[in-house]
Structures are given as C-alpha cells and as structure tokens.
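Work through the exercises below with the model open. Try each task before reading its solution.

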Amino acid sequence: MRILANDGLVEEAQKYLKKQGFTVETEKRDEDDLMSEIGSFDALLVRSATKVTRALLEAGVRNGGKLKIVGRGGVGTDNIDLEAAKELGVIVKFAPNGNTNATAEHALGLMFAVARRVPFAHRTLMGGTWHKKRFAGVELFGKTLGIIGCGRIGQALATKAGAIGMKVIGYDLYRSIDAPLTYVDTIPELLAQSDFVSLHCGGKDPVINVEEFKQMKDSAYLINASRGKNVAEDALYEALKTGQIAGAALDCYESEPKREGEPFVNKLQELDNIVMSAHLGASTRNAGIRTGMEIAEVVTGYLKRGEYGNSVNVGETVEEEGTEVYTIFITHEDKPGMFGKFGTLMGEMGVNIRENNSRKLGNQVQTVYMVHAKPTEAVREALASIQGVTRVSI
C-alpha cells in the first residue's frame, strides 16, 4: 500500500510506516499533481497546508481509485471536507495528542510574555536603549485564569497554571470529572472573574467579540493559541487601543499566509500591548515526533486491522453510531468458510451484522458478532447446528 504525506512527515514516523510494509512518499504535490495522482495512494496524510476538498476526494475514489483514509496530523480538520469524505467512503482520522503539551506550554509562554512585557523590553534593548520602569509587568501568581474550551490542551494548561499558583476556572459544553479546574456555567461569568482568558476551542464564529470585551476586566489579558476565527480582530483592535483590556497575545489570526516567508500584514501590529507569534503552538521537535508517530499508528491501525480509533467522520465504536447493538458469542473451528456460513444464516434470519471480532482460543476460534436485531433462541440454535460450531451464547 502507498501513503502520501503531502505536508511532510518526521523521519521516525516514516521509518515506522515502512517497517509496517507501506511505501511512503513525502514529496509535496501541488494542486494539479495531487489531483491527478491521489487515486494511486491508499492514504493521504496532511497537516494544515493541504486542502482536502470534495474534488480531491472524488479524484481519489473514482475510476477504481484506491484512497481509503485521510490522516490529519494535529487536532483541527477545517481543511478537510468531512461530509464529502463520509459520502465517498473515505475515513478521516486525526492525531490530537501529539501537540497537547507544546500548545499548552506556548499559551503559558504567551501569558508570561505579555504580562511581563518581555518582547517589548527585548526590542528596545536590541535598539540600544535601556528601559526598566517603562516595562513593569504583573505576576501570574495569584491571578485567575479563565479557560474557554477545556479539552486536552485546556486541561494541560490548567495543570501548568495551577502549578505556578494561579486559580483556574473553565467553561466547556462538556465537563470532565477529573479536570484540574473549577467549571463556571457561562462565558460572561468566566470573563468577569478572569485576569487572563485563554481560548482552546473550535468553531467558525468568534467566541470573543465586542460584547465579550465589555465583560472583561480592564486589567485582563486575552490569549489565543487555538484558532484565529475565535477572536474578532476588529473588536480586539478597538479593545486594545482604547484600554478596554490590558493586553493580548495571539498565535493565530483570522487570515494567515499560506507559505513560509510570505508577507504578514495585520493592523494589530500597530499596537504596543500585544504579543504575536506565527502559529507556533505545535512547532516543537518533540510535538512533531509525537504527532507524526500518532498519525502513523492510527492510519496503520485502519489499513491493516480495520480499527476506527481517532476517527472524526464516523463513530470510533459501533455504540457511537447511536443504534442499539447486541452480541452473539460463537466458539468454532478455525477453517475457511465459517464466517460465510454465519453471515448467510443470520442474513436469512433477518439479523443485521454490524461488526465481528475473532481470536484464537486454543485450537478453536472465539468470534463475537455485534448485531442490530436482538438474537432469539431460534437464531442461537441455528448457529449452533452449523458443522464446526461447538458453542453459541447470546
């Protein structure tokens, strides 16, 4: 099987995939070349640069195309048409854990940078001028950090912030019982209490806009190391310029250059109470290796074993599909044709098979079928009567 890592892949992950028997190519294709070649690959691995459109997915499956899976290194899948992939029978998986620590550390680093005014002091010193009083800052110790989006990264940041003496509160639609923070019920409640607000959520509409800035303290700082669209930049510009909030630190923006070295123009650059970095949250060697290995492992799991873990356009398990399932346990001889007999019999008796798992059990095999119809005693007896079956339990 062939795998194309169109946005690159760390050497460690390439070696892993090759050891698993895959052919791996990392030479980046432009849009035209990718469109013409994608059907010859079983898997496409991307990060944020390659746009996996409906047209690309269609090119991957039409006329006998081989494309089976798209793997996204990282968390966001905004650059992948998930609905088109679902319609066309292409599984999409992501690698959400590799970037967690790096992004949480970067968010904390941005908090320190803007609170202690480190970049501004650095710039004046590099210009040959010594300023000290001008750059007096505030400490993070004892302050309240409000986290909007308390998933993997939000909770990792909460742990780090708590370790340096911050009080951490959080807002999320889904509450984790073990989260190292105190949940609040609404975003306005969080904004009113927080000295620092850090965003770690998804979505396409701004989380922080004109009204939200009005709800923040005038001494508060906003941190965004998640998605550029989470903050309305025009509203942020006015809030910073008028002193509605004390400062901000951003790692992502509403509009970003597509390639390394391209110009970046943003009116926020005019201000002296904002720290900006170029989407560096996941840009560490450690995160690159972890993310590369994670996506390599989950793609391998699907291509070699049909595993659905880390899938984002289908349920990771049959139960997640939302339809009740039942189990049938069959102990039988390990010989060709057994699964065919089971499938034919259950089909004739109106039992819809959703999944089956099978393992060696001594000289026999134990197979567990997951089905949508509650199996009856008649089904059990019919299966037990098949030659080669030693036991059936429902």
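Axes are lines fitted to C-alpha atoms, for helices over the stretch in contact, and angles run from 0 to 180 degrees between N-to-C directions. Helices (H or I, at least four residues) and strands (E, at least two) are DSSP runs, numbered from the N terminus. The model is predicted: local features need pLDDT of at least 70, side-chain atom pairs count only at pLDDT 80 or more, and totals for chains, interfaces and linings use all residues. Residues are numbered from 1 along each chain as its sequence is written, and side-chain values use heavy atoms, with hydrogens and water left out.

**Exercise 1. Describe the packing of α5 against α7.**

Step 1. Take α5 (residues 100-116) and α7 (residues 152-163): the axes lie 8 Å apart, at an angle of about 50°.

Step 2. Classify the angle. Under 35 degrees is roughly parallel, over 145 roughly antiparallel, 65 to 115 roughly perpendicular, and the rest oblique. α5 and α7 are therefore oblique to each other.

Step 3. List the contact (heavy atoms within 4.5 Å). α5 supplies Thr-100, Asn-101, Thr-103, Ala-104, Glu-105, Ala-107, Leu-108 and Met-111; α7 supplies Arg-152, Ile-153, Ala-156, Leu-157 and Lys-160.

**Exercise 2. Classify the aromatic pair of Phe-196 and Tyr-221.**

Step 1. Set the rule. Rings of Phe, Tyr and Trp (its six-membered ring) pair if their centres lie within 6.5 Å; planes under 30 degrees apart are stacked, over 60 edge-to-face, the rest tilted. The structure holds five such pairs.

Step 2. Apply the rule. The ring centres of Phe-196 and Tyr-221 are 5.1 Å apart and the planes are at 15°, so this pair is stacked.

Step 3. Place the residues. Phe-196 is in β9 (residues 196-199) and Tyr-221 in β10 (residues 221-224), so the pair ties together parts 25 residues apart in sequence.

Step 4. Check burial (buried is under 20% relative accessible area, exposed over 50%, partly exposed in between; 1.4 Å probe, protein chains only). Phe-196, at 1%, is buried. Tyr-221, at 11%, is buried.

**Exercise 3. Is Lys-143 buried or partly exposed, and what does Lys-143 touch?**

Step 1. Locate Lys-143: the loop between α6 (118-126) and β6 (144-148).

Step 2. Read the accessibility. At 25%, Lys-143 counts as partly exposed.

Step 3. Leave out residues up to four places away in sequence. Lys-143 then touches Met-166, Lys-167, Asp-195 and Phe-196.
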